[in-house]
2 protein chains.
Amino acid sequence: MTIIITAFERSPDGGKGLARDTRVRWAIEEVGRPYEVRLLSFSAMKEPAHLALHPFGQIPTYEEGDLVLFESGAIVLHIADHNAGLLPDDANARARAITWVFAALNTVEPPILDLANAKILEGNKSWSMARLPLVEDRVRVRMRLLAARLGDADWLNGAFSAGDLMMVSVLLRLRASGILDEFPNLATYVARGEARPAYQRAFAAQLAINAG
Amino acid sequence: MTIIITAFERSPDGGKGLARDTRVRWAIEEVGRPYEVRLLSFSAMKEPAHLALHPFGQIPTYEEGDLVLFESGAIVLHIADHNAGLLPDDANARARAITWVFAALNTVEPPILDLANAKILEGNKSWSMARLPLVEDRVRVRMRLLAARLGDADWLNGAFSAGDLMMVSVLLRLRASGILDEFPNLATYVARGEARPAYQRAFAAQLAINAG
């Protein structure tokens, strides 16, 4: 069955790979499936046809036959569940890898998104400069603990898994702030993820759309 | 194998059931398993013994024999995966239910947590009053779309599932702000979740610890 995902017609990041379709592309590339992409304008994302697929009017979505999914975490987990290569076979190791998917999305990404919001949505507010250090420090608290857990390991839970795919994807959103580079083992970890051929293919595919 | 979870020795909410152990207790109660609780002080949560279980020094954790998990989303999904009652049997319906777990944690909860942070962590800042309406409106954007999707259905995806358990748990955190009651079908949805016997048992168990 053909996989169809949705992505921005013009990504707000201009092709830096930070939109959430990149995570899904990466997962699909890791398991070696073909896929098609339907591009959406910002206005099309808010129209009934797309809201029927994604109730919050965002990208990506995932269609495969009758199945329609949204939420990049759920999509990556579905791909990992139904194709070899992104989750270990051992039941306990599998549950641990899934824990890291949630940790990436729920513990690490929220303060990183807050930082982006503080700069983008509130960058012109009177409080912006005074508030920014507080928001940055909330990110650093999480980074410090993540860096301590990773230590000098290559990946978070043994072999590369969906948990690493999601954590690297989330940490990439922090690089432009300079905070990622304050944690050398995390910066190396992210570079290790980016070096994977499947990531390279996913990145190139989204860049081809957005750099036109 | 006995399930052991961790919870606050003294919850910051004083027993309102908003700490994340309540979600896990609720899931365990829905599937009818016995469990034990290990209570932790705030200082014990940051010590090496607990950081070995939870790299971010939070609650809850989940232990079952050799398996140790953290992240309430991963724990609830693990419980749902290994016990009947929280996920449909049909593969597509199951994937949809899991999508709602992620939607609750990644799309709906972040702006609700931002609102809590704006009041608790930044309530004494000079910008607090001016900024609050912006943060509240970001919550309302998501609530409006969620309310539209739920419509007059009882649950988000057919029968009650782990997705509803997580969404109700997240929306409970919004009630004190008054914003939940701006969306009558969502308020009713939350009340429907709270009325479940398994939720009642989970709520009573955490209250017994925190109302002492």
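Student: Which residue in S4(A) does Tyr62(A) stand opposite?

Tutor: Strands of a sheet pair through backbone hydrogen bonds, either parallel or antiparallel. In this predicted model, Tyr62(A) stands opposite Leu69(A) in S4(A), and strand S3 of chain A, residues 61-64, pairs with S4(A) in the antiparallel sense over 4 bridges.

Student: What is the order of the strands in the open sheet of chain A?

Tutor: The open sheet has 4 strands in the order S2-S1-S3-S4, with mixed pairing. Strand S2 (35-40) and strand S4 (67-70) of chain A each have a single partner strand and stand at the edges, so one side of each is left without a neighbour in the sheet. From one strand to the next, the twist averages 20°.

Student: Which strands of chain A does helix H1 lie across?

Tutor: Helix H1 of chain A, residues 21-31, lies across S1 (3-8), S2 and S3 of that chain, and runs at about 150° to S1(A).

Student: Turning to chain B, which residues of H9(B) are buried?

Tutor: Burial is read here from the number of neighbouring C-beta atoms, with 20 or more others within 10 Å counting as buried. By that criterion Ala198(B), Tyr199(B), Ala202(B) and Gln206(B) are buried; seen down the helix axis, the buried residues of H9(B) fall within an arc of 105°, so they line one face of the helix. On the other side, Pro197(B) and Ala208(B) are exposed.

Student: What do the buried residues of H9(B) pack against?

Tutor: They pack against strand S1 (3-8), helix H1 (21-31) and helix H8 (184-194) of chain B.

Conventions. Residues numbered from 1 in each chain as written. Chains lettered and ligands numbered in written order. Predicted model: local features only at pLDDT ≥ 70, side-chain atom pairs only at ≥ 80, totals over all residues. Buried ≥ 20, exposed ≤ 12 C-beta atoms within 10 Å, placed from the backbone. Helix = DSSP H or I, 4+ residues; strand = E, 2+ residues; numbered from the N terminus. Arc of directions from axis to C-beta. Contact = placed C-beta atoms within 7 Å. Pairing = 2+ DSSP bridges. Axes fitted to C-alpha atoms, helices over the stretch in contact; angles between N-to-C directions.
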